[in-house]
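The sequence and the coordinates should be kept in view throughout.

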Amino acid sequence: MLEKALKGSRGYGIWVAFLLLLVAVGFFFYLRQLDYGLGITGMSRDVSWGLYIAQFTFLVGIAASAVMLVLPYYLHDFKAFGRITILGEFLAVSAVIMCVTFVFVDLGRPDRAVNLLLYPSPRSVLFWDVIVLNGYLLLNIVTGWTVLESDRKGVPPPAWVKPLIILSIPWAVSIHTVTAFIYSGLPGRGFWLTAIMAPRFLASAFASGPALLILLCLILRRFGRFDAGEKAIQTLAKIVTYALATSIFFVLAELFTVFYSQIPGHMHHLTYLFAGLEGHNAIARWMTVSAVTAVAALILLIIPRTRKNHTLLALACAGVFLSLWIEKGLGLVVTGFVPSPLETITDYTPTGPEIAITIGVWALGLLLVTMFYKIFVSVKDQE
Amino acid sequence: MAPTRREFLKIAGFSAVGLVIPSLRSLPAAQAGTPAVVGSSPAAPRPLAALTAKRWAMTVEPRKCRPDCTDCITACHLEHNVPAIGNPKDDVHWIGLEKLGHVFPAEAHTRLPDTIRGLPVPVLCNHCENPPCVRVCPTQATFKRPDGIVMMDYHRCIGCRFCMAACPYGSRSMNYRDPRPFIRKINPAFPTRTKGVVEKCNFCDERLARGILPACVLACKDKAMTFGDPEDPRSDVRLVLDRGLSLRRRPDLGTGPQVYYIL
């Protein structure tokens, strides 16, 4: 089936070439990072994780969201998702590959990455994250590919895939839970030290992932000669609506706890995130955009008339994606480090090479999504 | 596999120490005030008995510090080949001076005189009894010895910086770039690091192995620091601790820091 990704229209070729170019630029700067060290990024002694780990965190959510298709289809026999479940699984595969790449480019000594396996450390959450992410990747590659292969041959999928698909449901929850535990289990970082971190991660994941999937379905309908079906899109939109509302509710619950209890160590971080501290308000400006976009998108999604309008739905989904990307792919990681344990406010600004590498990894993921979806559409065309 | 490698490093380390001891013994700084050196014959250089403890700890009395004195930092950074990179972003340090108000935010109320609030306090790795950095390390590159010293294996660290996120004291530094060009004078008795690994204070384990107290403790002319085994009633640390109230940084977190501050 792989050969189907290699043949396509002129537009497809140009898009693939464009993504390859971005990957190449990212790779060039990664070689420079290898040579110079992570000092080439904006990360510092105080803010020791930045854009890379934040993208990783955000993308784990995109990966986990495939469960929002798999669960209704396989557990509740919700037929409308039958056509697009594989799209969710392939999106998950691409997202996990991006996650692993982001963790890899963040390593100071990537040549020693294999030490993670040579010296397994079950007390470390990062060790478990490596296990669950790779397990999830394998599950989705195997199930997505097998089901698509059966579709191509026009036969029902083999019986042994079903248990793997069912297993992928709790597994999806696990990847985002374990990722949240990386943060919420640290004693000295008040911003992350909250039991609601994992639920928050899941809620925002189930909004941003399906929102991206709706956008991809709308793109496929326009350019890919594939219609996901109105019922599937509207159901996804409702999932996004509920998940976004839950996500906003969780953030408000967090804000109440912190600002009503008024414990300084917890309050400082959230003040920095939403209002800035001592004039350091670069992140706060982004967060204002995130908050406004989230509320606007929620309104568009709640009103049935605007939700059913595809232009407005696309706008709302783009808003959800942007808002949650700012929250998790920018704010969540950096704010944990500001102020520092010694009460220093250190701003973090990603550098050019760091942004180029980040875009390169995203382009790699998009390239995978494009090729997987191309194969998918070609198979569906044959039917 | 792991212990074999670690043992090998240990043996290699001791052999290296054995090689450099004769030259070090000719340096007065390495001997001054070191009780273990007194009485040994300079004519027959041999490794001194290692200092051992059930648990190592340190006391710091910042009010004894002379203004603008940085002797402890200089001694430590020279001994351990800590680079002086000169910008806060890529900065690497094992011991630093921070204002008391920032080191003990819970104690720094507004009625505290500015002289106290702004008092420079030496801060370093607390060699926690229950170190979060050790818990989170995915390769066991950072580990706790039976005598309580939290160590780094620079040959195993992958540079993921999870330990830096986990440390509630900001005691760890990442080598964001090659440190070697920024080392003023390389001490051949101690390894330099490569770019991409995390490092921190090691309570001078390499000196303890040769029977010498930590560099910062010996460098302090005002005797503001002591080092020893709090389990031993005759140790310097116990003598200071028994005198009255001492503080530790963020004891509420349950990390069990082993650097005690007398204020």
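Which residues in the largest nonpolar core touch the most other members? The model in view is a predicted one, and its largest nonpolar core holds 183 residues. Those that touch the most other members are A:Leu59, A:Ala63, A:Cys99, A:Ile214, A:Val240, A:Val320 and B:Cys216. Helix H8 of chain A, spanning residues 197-223, contributes the largest share of this core, 14 residues. The core also draws at least three residues from each of domain 1 and domain 2 of chain A.

Apart from its neighbours within four places in sequence, A:Ile214 is in contact with A:Ile233, A:Leu236, A:Ala237, A:Val240, A:Leu313 and A:Cys317.

H8(A) is 27 residues in length and reaches 38 Å from its first C-alpha to its last, close to the 39 Å expected at 1.5 Å a residue. Because 19 of its 27 residues are buried, H8(A) is largely enclosed by the rest of the structure. Just after this helix, A:Arg225 takes a positive phi of about 55°, although A:Arg225 is not a glycine. A:Arg225 belongs to the loop between H8 and helix H9 (230-261) of chain A. Is A:Arg225 buried or exposed? With 11 other C-beta atoms within 10 Å, A:Arg225 is exposed.

A further positive phi is found at A:Glu278, where the value is near 45° and the residue is again other than glycine. A:Glu278 is placed in the loop between helix H10 (264-274) and helix H11 (282-302) of chain A. A:Glu278 has 8 C-beta neighbours inside 10 Å and therefore counts as exposed. Another backbone feature of chain A is the cis peptide bond that joins A:Val338 and A:Pro339, with omega about -5°. A:Pro339 is located in the loop between helix H13 (310-335) and helix H14 (352-382) of chain A.

The arrangement of domains comes next. In the domain assignment, chain A is given domain 1 (1-184 + 351-383) and domain 2 (189-207 + 230-349). The centres of the two domains, taken over C-alpha atoms, are separated by 23 Å. Where the domains meet, 29 residues of domain 1 are in contact with 30 residues of domain 2. On the domain 1 side, helix H2 (51-64) and helix H7 (161-184) of chain A each supply at least two residues. H7(A) gives the most to that side, with 8 residues. The residues on the domain 1 side divide into 15 nonpolar, 12 polar and 2 charged.

Chain B remains to be described. Its secondary structure comes to 10 helices and 9 strands. Of its 263 residues, 42% are buried. Among the contacts in chain B between residues at least 6 apart in sequence, 64% join residues at least 24 apart.

How many residues of chain B are in contact with chain A? There are 42 residues of chain B in contact with 30 residues of chain A. On the chain B side, helix H4 (100-103), helix H6 (132-136), helix H7 (162-166) and strand E6 (173-174) each supply at least two residues. H7(B) gives the most to this side, with 4 residues. The residues of chain B that touch chain A divide into 22 nonpolar, 9 polar and 11 charged.

Notes: Residues are numbered from 1 along each chain as its sequence is written. Chains are lettered from A and ligands numbered from 1 in the order in which they are written. This is a predicted model: local features need pLDDT of at least 70, side-chain atom pairs count only at pLDDT 80 or more; totals for chains, interfaces and linings use all residues. A nonpolar core is a set of buried Ala, Val, Leu, Ile, Met, Phe, Trp, Tyr and Cys residues joined through C-beta atoms within 7 Å. A residue is buried if 20 or more other C-beta atoms lie within 10 Å of its own, exposed if 12 or fewer, and partly exposed in between; C-beta atoms are placed from the backbone. Domain bounds come from an automatic or database domain assignment. Two residues are in contact if their C-beta atoms, placed from the backbone, lie within 7 Å. Ala, Val, Leu, Ile, Met, Phe, Trp, Tyr, Cys and Pro count as nonpolar, Asp, Glu, Lys and Arg as charged, and the others, Gly among them, as polar. The expected span of a helix is 1.5 Å times one less than its number of residues.
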